[in-house]
Amino acid sequence: MNAFEESRVNTTVIDEIVSRHRGKPGELLTVMEEIQEASEFKFLDDSSMEYLSSSVKVPLSQIYGVATFYSFFNLKPQGKHTIIVCRGTACHTKGSKILLDDLSILPGCKEAFDSGESSFTTEDKQITVKTVACFGQCALAPVVAVDGVIYSNVTSEQIKKLLENLQEDNKDENLRLS
Ligand code: FES
């Protein structure tokens with residue numbers, strides 16, 4: 001059994017989440033969000049989805065449909081820190097590809113994006129790099145989100161420094177981007 005299998009969300013936890021939201025509006029979405037949040041690597045693993053499907057009597061295909069429709073659901077293990085680079089037109093024009101290239105020095109990252117992936121996680125599960133189509137803040141391009149905080153007009157120097165700090169897990173320094 002690997003680290004991810006060991007870190008599956010306990011069925012008792014899933015039962016508790018399901019019973020707390022049973023019959024409420026938006027039940028499935030909320031339950032899935034909480035299961036993801038309860039996961040050590042912040043993702044929805046197959047066995048948890050199968051268990052949820054039988055527990056709430058919703059076809060597994062529908063659960064996966066929801067998980068793939070909403071970008072905040074992860075179907076792969078996530079890193080401790082997440083960097084999301086906007087690849088929309090405005091951000092692209094202002095150099096977001098350069099920012100992504102700066103992050104692509106992480107081993108395996110370039111290959112993942114070149115092969116069409118929109119997400120990459122380092123082997124040590126320290127950093128996840130993702131792209132997004134638009135944050136809706138085009139006037140502030142290029143835009144990057146780090147651990148849920150949005151930063152505008154991000155430069156190549158800043159992203160390199162940020163990466164350095166995240167790799168060293170220096171939380172105090174890494175958020176001085178804006
Ligand atoms: S294109 Fe990047 S925020 Fe809209």
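A crossing of two helices is called right-handed if the near helix is turned clockwise from the far one by less than a right angle, and left-handed if the turn is anticlockwise. I put this at the head of my notes, since the entries on helix pairs rely on it.

**Entry: the whole protein.** I began with the overall layout, keeping in mind that this is a predicted model. I counted 10 helices and five strands in the protein, and I found that its C-alpha atoms fill a box of roughly 50 × 35 × 35 Å along the principal axes. Of the 178 residues, 24% are buried.

**Entry: domains.** The domain assignment that I consulted gives domain 1 as 3-69 and domain 2 as 81-174. Taken over C-alpha atoms, the centres of domain 1 and domain 2 are separated by 28 Å.

**Entry: α4 and α5.** I then turned to helix α4 (residues 46-56) and helix α5 (residues 60-69), whose axes come within 9 Å and cross at roughly 125 degrees. An angle from 65 to 115 degrees would count as roughly perpendicular and one over 145 as roughly antiparallel, and α4 and α5 are therefore oblique to each other. I noted their crossing as right-handed. On the α4 side the contact is made by Met 49, Glu 50, Leu 52 and Ser 53, and on the α5 side by Leu 60, Ile 63 and Tyr 64. Sorted by class, this contact of α4 with α5 has five nonpolar residues, one polar and one charged.

**Entry: α2 and α3.** For helix α2 (residues 11-21) and helix α3 (residues 27-38) I read a packing angle of about 150 degrees, with the axes 10 Å apart. The two helices, α2 and α3, are therefore roughly antiparallel to each other, and α2 passes α3 in a right-handed crossing. From α2 the contact takes Val 13, Ile 14, Ile 17, Val 18 and His 21, while α3 supplies Glu 27, Thr 30, Val 31, Glu 34, Ile 35 and Ala 38. I recorded seven nonpolar, two polar and two charged residues in the contact of α2 with α3.

**Entry: Leu 162.** Is Leu 162 buried or exposed? Leu 162 counts as buried because it has 25 C-beta neighbours inside 10 Å. I also checked Leu 162 against Val 146, and the two are 16 residues apart in sequence and 9.2 Å apart in space, C-alpha to C-alpha.

Methods
Residues numbered from 1 in each chain as written. Predicted model: local features only at pLDDT ≥ 70, side-chain atom pairs only at ≥ 80, totals over all residues. Axes fitted to C-alpha atoms, helices over the stretch in contact; angles between N-to-C directions. Helix = DSSP H or I, 4+ residues; strand = E, 2+ residues; numbered from the N terminus. Parallel < 35°, antiparallel > 145°, perpendicular 65-115°, else oblique. Contact = placed C-beta atoms within 7 Å. Nonpolar A, V, L, I, M, F, W, Y, C, P; charged D, E, K, R; others polar. Buried ≥ 20, exposed ≤ 12 C-beta atoms within 10 Å, placed from the backbone. Domains from an automatic or database assignment.
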